[in-house]
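Here's a quick briefing for anyone meeting this structure for the first time. Have a look at the model, then read on for its salt bridges, ring pairs and domains.

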Amino acid sequence: MIDDGFRLFPEQASTHAAGVDHLYFALLGLSVFFTLLITALILYFSIKYRKGNTRVDRTARSTHDLRLEIAWMVIPFVISMSIFGWGATLYFNGYRSPQNAMEVRVVAKQWMWKIQHPNGRREINELHVPLGQPVKLVMISEDVIHSFYVPAFRVKRDVLPGSYSTCWFEATRTGRFHLFCAEYCGTNHSQMVGVVVVEEPTAYADWLSGTAANETPVAAGQRLFEDLKCVTCHRPEGITGRCPPLEGLYGADVKLANGAVVTADDNYLRESILRPNAKVVAGYEPLMPGFDGQVDEEQMIQLITYLKSLAKP
Ligand code: CUA
């Protein structure tokens, strides 16, 4: 079971954790320092200059002091900008995943976490990951907004309907860690919990191969691509010329009919499958029918994974 012994802070189990905690304690320290300083000065001055105390000098009242004005603008500015820079650095580290990250797909729904690994292995309300390997989560919701939260990793990211959101982490300790939904999502929000299981890479590989009979997401996507008749226009050879070629599309820049240039990422592909006319590629007619309501989120992930596999040279 998860070790839930009393502690003020969750244990640090990812490469993000120490950095986030340092910032947190620095902010806390700064707040405590200024609170104590200001409280002490208020007490000191209200006693010293109390009514009836005739032994203090009240003559030299100053109305302006340029040095003081500059000091109380420059010092808070420097402090707040330092905090901003520090926080922004952590933010970007947390959201820009490394190139070698293993990609795991997460579909949230009321009230469970459905997870699929690169080889097709699925699990619900559990996430197995290898120790010391960056893991990127690509997440979407089937209904309302949820939020993927693993306190021990200091990772929290909203999971939205209709758009992919990502986050990444690298676990630094083996063990079992809480996974919570951190966005109120209806009656059983409090039950939408799970466990992240961090294992040695060999143990993870064993677990992953446990049920070998699964179809990989790429194979499932290819089968869907044929079942939905995408293949009749988007031929692998691209001979018809009626539809944009899909080989090498993923991650590339696409020029649109309205002159804009967009990157063919997960969200672009998703929109183009559901609502093809939203972004028509330059030089092509808006011929494609939309697939809104015909593919669910898990099938969408399979289709995109298949398209992504075509990108590899
Ligand atoms: Cu899902 Cu709260």
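Arg275 is partly exposed, with a relative accessible area of 40% (buried is under 20%, exposed is over 50%, and partly exposed falls in between, using a 1.4 Å probe and protein chains only). This is a predicted model, where local features need pLDDT of at least 70 and side-chain atom pairs count only at pLDDT 80 or more, while totals for chains, interfaces and linings use all residues. Residues are numbered from 1 along each chain as its sequence is written, and side-chain values use heavy atoms, with hydrogens and water left out.

**Salt bridges**

- Arg275 pairs up with Asp292 in a salt bridge, their closest N and O atoms being 3.8 Å apart (the rule asks for a side-chain nitrogen of Lys or Arg within 4 Å of a carboxyl oxygen of Asp or Glu).
- Both partners sit in the loop between α6 (266–274) and α7 (297–309), 17 residues apart, and the pair links distant parts of the chain (helices are DSSP runs of H or I with at least four residues, strands are runs of E with at least two, and both are numbered from the N terminus).
- There's also a network: salt bridges with shared partners join Glu103, Arg105, Asp266 and Lys308.
- Arg105 is buried at 7% relative accessible area, whereas Glu103 is partly exposed at 22%.
- Asp65 and Arg67 make another salt bridge, at 3.8 Å between the closest N and O atoms; Asp65 is partly exposed at 29%, and Arg67 is exposed at 68%.
- The count comes to ten salt bridges.

**Aromatic rings**

- The whole structure holds 14 aromatic pairs (ring centres of Phe, Tyr or the six-membered ring of Trp lie within 6.5 Å; planes under 30 degrees apart are stacked, over 60 edge-to-face, and the rest tilted).
- One of them is Tyr24 with Phe25, an edge-to-face pair at 5.6 Å centre to centre and 80 degrees between the planes.
- Tyr24 is partly exposed at 42%, and Phe25 is partly exposed at 41%.
- Tyr149 and Phe180 make a tilted pair, 6.5 Å centre to centre with 45 degrees between the planes.
- Tyr149 belongs to strand β6 (residues 146–150) and Phe180 to strand β9 (residues 175–181), so this pair ties together parts 31 residues apart in sequence.
- Phe9, Tyr24 and Phe25 form one aromatic cluster.

**Charges over rings**

- Arg121 lies over the face of Trp207, 4.2 Å from the ring centre (NZ of Lys or CZ of Arg must be within 6 Å of the ring centre and within 35 degrees of the ring normal).
- Arg270 has its charged end over the ring of Tyr164, 5.9 Å from the centre.

**Two domains**

- The chain is assigned domain 1 (1–44 + 69–214) and domain 2 (217–309), with bounds from an automatic or database domain assignment.
- Their centres, taken over C-alpha atoms, are 32 Å apart.
- At the interface, 17 residues of domain 1 are in contact with twelve residues of domain 2 (contact is heavy atoms within 4.5 Å).
- The two domains bury about 1,200 Å² between them, 47% of it on carbon and sulfur atoms (that's the accessible area, with a 1.4 Å probe, that two parts lose on being put together, summed over both).
- Arg105, Arg122 and Tyr164 lose the most area on the domain 1 side, together 46% of what that side buries.
- Two salt bridges are found across this interface.
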